[in-house]
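Hi everyone, thanks for making time. I'd like to walk you through a few backbone details in one model, so let me put it on the screen.

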Amino acid sequence: PGLIQKAKDGGLDVIQTYVFWNGHEPVKGQYYFSDRYDLVRFVKLAKQAGLYVHLRIGPYVCAEWNFGGFPVWLKYVPGISFRTDNGPFKAEMQRFVEKIVSMMKSERLFEWQGGPIIMSQVENEFGPMESVGGSGAKPYANWAAKMAVATNTGVPWVMCKQEDAPDPVINTCNGFYCDYFTPNKKNKPAMWTEAWTGWFTSFGGAVPHRPVEDMAFAVARFIQKGGSFVNYYMYHGGTNFGRTAGGPFIATSYDYDAPIDEFGLLRQPKWGHLRDLHKAIKQAEPILVSGDPTIQSLGNYEKVKIPMNMNNLATVSKCKS
């Protein structure tokens, strides 16, 4: 609860979390949702703090997590091939996704039920894999989107780094900078599901650091260009205990140079600087959501975007004078 409150105090509105399949189903058919893996309790704690939740079900999550979040038993399913148009894999993936969705519905945790979950994610950064995934890659991505939507969560589904995400699934951006990003349809919002606050730590490597000035400018620039959702990856990374850290030479520390450090302490000036940025963005919210702006040239190299209601204010002012 303390970490969630620090996030709220920092100006956050939404908590985004992965769902780790290998943590919740370490043995096929035997589920575990206790202690650190008590997903329902975590979502309810976010609600108690007055925050929304973006639930990234995956179930492939990457996240420098062992086996990308897949349980080890999955590789021994006869005839299975991961993340492609493969019957055994799709059957197991669908079973787990439907299990999680069913749990959330039974606890009335989706927004339309009065809960905090406003959005869900299926798969994770699969788009770059399509070019090397063979003929089964694109059909699998389309199937994953269709399967997710069919669970009837009542909230939007997203696929990050998936430029060809089929309607109504929203494609989103991950990266250090996303001001260049445009969704694949005009009726989809521009969303940044992973704004990287730093990077993971490798044994023998330097501890990554991202200056908060650069981070804040990237976020402000994204919002200025029409962005509607930014998630910091990570805002708090913590520690990957035991054998949960995955990938070659990935350290157990998942500090990520995050605004809340590995030990739960505020990292200054990053936390405070971003808190002030969030205040400024929220103060400008009426203007930012007012409608499509009018673009006015200020010369060869500069232009200004005038929000719609500012044009209206200007017109009223002229009439009164």
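This is a predicted model: local features need pLDDT of at least 70, side-chain atom pairs count only at pLDDT 80 or more; totals for chains, interfaces and linings use all residues.

Now, which residues of α5 are buried? They're Ala137, Tyr140, Ala141, Trp143, Ala144, Ala145, Met147 and Ala148. The cover over those buried residues includes α4 (87-106), β3 (117-122) and β4 (157-160).

Okay, backbone. As a general point, most peptide bonds are trans, and most residues other than glycine have a negative phi. Here are the exceptions I want to show.

Two bonds into prolines are up next. Asp167 to Pro168 is a cis peptide bond, with omega near 0°, and Pro168 is in the loop between β4 and β5 (170-175). Gln268 and Pro269 are also joined by a cis bond, with omega about 10°. You'll find Pro269 in the loop between β7 (227-233) and α7 (270-283).

Then there's positive phi. Glu125, in the loop between β3 and α5, has phi near 50°. Is Glu125 buried or exposed? Its relative accessible area is 19%, so with the cut-off at under 20% it counts as buried. Phe249 has phi near 65° and lies in the loop between β7 and α7. At 62% relative accessibility, Phe249 is exposed, because the threshold for that is over 50%.

Note on methods
Residues are numbered from 1 along each chain as its sequence is written. Side-chain values use heavy atoms; hydrogens and water are left out. Buried means under 20% relative accessible area, exposed over 50%, partly exposed in between (1.4 Å probe, protein chains only). Helices (H or I, at least four residues) and strands (E, at least two) are DSSP runs, numbered from the N terminus. Contact means heavy atoms within 4.5 Å.
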